[in-house]
Amino acid sequence: MTPRPGVDLLVVGAGFAGLYALHAARTAGLSVRCLEAADGIGGTWYHNRYPGCRCDVESIDYSYSFDPGLQDEWEWSERYATQPEILAYIEHVADRFDLHRDIELGTRVESARFDEAASEWTVRTSGGEAHRAQYVVLATGALSDPVTPDLPGVHDFAGTVLHTAQWPAEEPDLHGKRIGVIGTGSSGIQAVPELAERAAELTVFQRTANYSVPAFNRPLTAEDQERIRAEYPERRAVARRSGGGSPHEAHPRRTAEVSEAERQEAFERTWRTGGVLFSKTFPDQMSDLEANGYARRFFEAKLAGVVEDPRTLDDLTPKDHPIGAKRICTDSGYYAAFNRDHVHLVNLRREPLTRVTPDGVATDRAHYDLDVLVFATGFDALTGTLGRMDVRGPGGATLADAWSDGPLTYLGMHVPGLPNLFLLNGPGSPAVLANMVLTSEQQVDWVVDLVAGVRERGATQVEARADAARAWNEHVAELADRTLFPQADSWYVGANVEGKKRTFMLYAGGLGTYTRVCDQVRDEGYPGLVLTSRAG
Ligand code: NA7
């Protein structure tokens with residue numbers, strides 16, 4: 001097939017990151033096109049339509065900051081908006097900035113080849129089309145490759161099978177059904193209270209007990225809206241400087257340095273703020289096991305105040321990882337759901353799942369009859385989607401080759417051997433450890449600046465130096481080793497995917513520090529990158 005006329009920059013993925021990349025590149029005067037595999041924009045927020053799906057970062061923070069007009073005109077209805085409201089916001093942004101005209105939906109990228117003589121990528125799609133572009137931005141999402149475990153008998157199940165990340169736009173009628181949920185991460189924990197409303201019987205199959213903190217969600221009032229508008233500039237500035245991309249600063253002292261009363265007060269304050277911020281109450285909570293223990297005991301006391309049945313309480317109490325080492329979940333009534341007569345918890349550590357049958361799920365102790373089986377079993381995070389794409393650099397080096405021993409990036413955005421290709425929210429960046437709307441804006445701005453810088457210098461190609469990437473990886477690993485994150489078998493380390501090399505894949509230094517590092521690299525003339533022109 002004849003290739004399309006080339007563009008300066010091709011964006012793959014139309015979620016929060018890809019849409020901003022399209023807008024920012026266009027604003028910088030580049031010709032740009034965006035390809036999206038799904039039939040609609042929104043990425044994560046297009047696919048994850050399960051009941052109860054919300055972001056675990058407050059919506060006023062988990063929204064674009066690049067345009068004050070957009071920021072002022074959009075009003076979130078709740079602290080933590082539902083998936084439909086977030087998707088409506090994304091559509092609003094696309095309309096406001098006329099993004100749709102440069103987006104091709106239903107177009108999955110299958111391969112990309114770099115032609116060094118032309119300094120150009122040729123990107124081939126599922127529809128057999130070829131797109132040429134000088135630069136490619138992969139904004140394919142950190143949690144975009146759903147995992148369904150290959151349980152014995154899973155294909156024999158005669159009822160309805162659903163995955164939280166592939167929820168149909170038209171939900172099948174679940175009312176009065178016997179529903180089973182496998183998985184108690186953020187998705188399962190958000191879905192359970194809503195599924196409990198629909199189900200005749202709800203059985204939750206838990207392998208590892210998780211920590212979940214109530215969202216304390218509530219509608220935002222007219223006064224809230226006024227206050228938010230007044231505070232927005234300062235709120236954003238604090239969020240950009242912070243570790244997690246939210247306007248939150250940890251207690252100034254370490255956990256053990258304060259009195260018991262002050263400690264309880266500090267925990268209570270972040271607990272009532274709701275959700276993931278609880279893991280940031282004290283500055284050492286995610287780096288010191290003893291400090292983490294205080295937070296853990298605070299959590300356990302809260303849990304004991306909710307769950308009535310002692311055995312269920314014991315099963316729901318996490319035993320094997322520090323609080324926050326797996327991402328803390330944010331819920332609205334998860335634990336209380338188990339006080340309802342028709343909601344049951346099956347502890348798979350006590351009674352291992354043996355097989356899925358046509359009628360339900362069998363453990364070594366019982367058979368649970370089900371009409372619907374919901375997999376809330378997570379994603380092949382950070383590298384899953386990228387690894388499946390056949391991306392080859394000039395020497396034929398593939399992304400899969402470059403990452404055979406774990407992901408290798410420079411600043412989380414560049415891969416040695418793959419010139420003119422940029423990752424957004426890739427391994428080695430803060431990505432999912434921070435507010436991903438702000439991490440996306442920061443990385444896109446940096447990439448667009450870089451493209452301008454390459455052109456100003458009369459170059460046509462930019463590529464990470466291999467030694468710079470290795471040094472960055474070592475730095476990322478050192479930062480991770482100072483934290484408790486590697487101590488949990490989480491998707492952060494790839495433990496949820498069989499055969500995946502165990503390595504903590506994210507930059508744990510925080511968004512503020514990461515931004516300063518990137519800015520310094522830019523101000524010093526991009527020392528970790530090699531710029532060349534077509535002529536060499
Ligand atoms: P997660 O957080 O990866 O959770 C997946 C859950 O599924 C977790 O409880 C797993 O137990 C469980 N799981 C996975 N495989 C199995 C099998 N084979 N048997 C039983 N249980 C299983 O995914 P989520 O979608 O909830 O959340 C991902 C992120 O999205 C979240 O952190 C937010 O950032 C948004 P395990 O803990 O591995 O024992």
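What follows is a chat about the helices and sheets of a predicted model.

Visitor: What should I know about the model and the numbering first?
Guide: The model is predicted, so local features need pLDDT of at least 70, side-chain atom pairs count only at pLDDT 80 or more, and totals for chains, interfaces and linings use all residues. Residues are numbered from 1 along each chain as its sequence is written.

Visitor: And what counts as a helix or a strand?
Guide: Both are DSSP runs numbered from the N terminus: helices are H or I with at least four residues, strands are E with at least two.

Visitor: How many bridges join strand 7 to strand 16?
Guide: Four, and strand 16 covers residues 372-375. Leu162 has Val374 of strand 16 as its bridge partner.

Visitor: What joins strand 13 to strand 14?
Guide: A hairpin, through two residues. The two strands pair over four bridges, with Thr357 opposite Gly360 in strand 14. Gly360 also has a bridge partner in strand 15, Asp369.

Visitor: Switching to helix 7. Which residues are buried?
Guide: Arg263, Ala266, Phe267, Thr270 and Trp271. A residue is buried if 20 or more other C-beta atoms lie within 10 Å of its own, exposed if 12 or fewer, and partly exposed in between, with C-beta atoms placed from the backbone.

Visitor: Why do they line one face of the helix?
Guide: Seen down the axis of helix 7, the buried residues fall within an arc of 135 degrees, so they line one face. The arc is that of the directions from the helix axis to the C-beta atoms. On the other side, Ala261, Glu262, Glu265 and Arg272 are exposed.

Visitor: What covers the buried ones?
Guide: The cover includes strand 10 (212-214) and helix 8 (289-304).

Visitor: And helix 15, which residues are buried there?
Guide: Leu511, Tyr514, Thr515 and Cys518. They fall within an arc of 100 degrees, so they line one face of helix 15. Exposed residues Gln520 and Asp523 sit on the face turned away from the buried side. Helix 6 (222-241) and helix 13 (436-456) are included in what covers the buried residues.

Visitor: Helix 13 again. At what angle do helix 1 and helix 13 pack?
Guide: About 35 degrees, with the axes 9 Å apart; helix 1 is residues 16-27. Among the residues that meet are Phe16 and Tyr20 in helix 1, and Met436 and Val444 in helix 13.

Conventions. Pairing = 2+ DSSP bridges. Contact = placed C-beta atoms within 7 Å. Axes fitted to C-alpha atoms, helices over the stretch in contact; angles between N-to-C directions.
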